[in-house]
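Look at the model, then read on.

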Amino acid sequence: MLLTNSILLAFAATVTALPQFTGFPGFPVGGGGGSGGTGSNTANDVSNKSPCKAITVIFARGTGESGNIGSVIGPKLLSALQSKVGAANVAYQGVPYPANAAGNAQQGGTGGALMTSLAQQALQQCPSTKIVLSGYSQGGFVVHKAGSSLSATPPAAAVIFGDPQNGQAVANVPAARLKEYCAQGDGVCGTPRTFQITAAHLSYGNNAPDAANFISSVTGVTA
């Protein structure tokens with residue numbers, strides 16, 4: 001489904017009308033600089049030049065989420081992937097883009113370029129790491145933008161939750177290496193595209209274990 005400017009503006013207006021997002025129980029607004037567990041909404045393994053890992057996930061949070069990996073799915077995906085393949089095999093990096101309401105009308109705004117830069121930096125620092133692009137909600141726009149800029153160094157996989165562009169390919173990621181999660185009743189990624197933020201759009205933490213299994217399978221990395 002191609003999104004028109006009027007649809008994108010409607011999405012931005014819908015999100016603007018929501019109360020300020022401050023996180024959900026179990027995920028405090030504050031955050032550290034590492035990637036040590038589900039309590040932190042910030043992960044900076046690439047920018048901190050942490051030791052090389054077999055997998056590097058570059059994650060873009062949703063609109064209004066705090067830190068750089070948010071709270072709905074970012075920390076849970078990290079925890080599930082660490083459990084699946086071992087913490088010693090996982091580097092995690094959030095995209096420090098604004099993730100504000102205006103960014104929805106701009107399809108992620110500056111997020112795509114930032115995600116691309118982080119993926120390239122990760123490969124410069126750790127040439128053998130396998131890059132996984134991931135995003136939630138507005139972060140889906142970011143993944144689509146970044147994918148189109150990585151033809152020289154295609155990602156190993158992409159995983160998107162509540163993607164406004166659900167149904168569209170991610171450039172330079174084969175279909176078999178792309179996993180989209182769209183919960184029943186989610187008007188951001190489902191049909192019809194109402195862009196109303198419902199409980200379904202906030203449910204993607206439930207998909208973290210399956211997403212970790214997918215990443216392990218397509219990258220070939222196990223514990």
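Q: Is the crossing of α2 and α6 right-handed or left-handed?
A: The crossing of α2 and α6 is right-handed. A crossing counts as right-handed if the near helix is turned clockwise from the far one by less than a right angle, and as left-handed if anticlockwise. This is a predicted model: local features need pLDDT of at least 70, side-chain atom pairs count only at pLDDT 80 or more, and totals for chains, interfaces and linings use all residues. Residues are numbered from 1 along each chain, and side-chain values use heavy atoms, without hydrogens and water.

Q: Why is α2 called oblique to α6?
A: Their axes cross at roughly 50°. Angles under 35 degrees are roughly parallel, over 145 roughly antiparallel, 65 to 115 roughly perpendicular, and the rest oblique. So α2 is oblique to α6.

Q: Which residues of α2 meet α6?
A: K76, L77, A80, L81, K84 and V85 do. Contact means heavy atoms within 4.5 Å.

Q: What makes α4 oblique to α5?
A: Helix α4 (residues 111-125) and helix α5 (residues 138-147) pack at about 60°, with axes 8 Å apart. That angle makes α4 oblique to α5.

Q: What is the largest nonpolar core, and which residues have the most contacts inside it?
A: The largest nonpolar core has 31 residues, and Y92 and F161 have the most contacts inside it. Such a core is a set of buried Ala, Val, Leu, Ile, Met, Phe, Trp, Tyr and Cys residues joined through side-chain atoms within 4.5 Å. Buried means under 20% relative accessible area (1.4 Å probe, protein chains only). The largest share of this core, 6 residues, comes from α6.

Key
Axes are lines fitted to C-alpha atoms, for helices over the stretch in contact, and angles run from 0 to 180 degrees between N-to-C directions. Helices (H or I, at least four residues) and strands (E, at least two) are DSSP runs, numbered from the N terminus. Buried means under 20% relative accessible area, exposed over 50%, partly exposed in between (1.4 Å probe, protein chains only).
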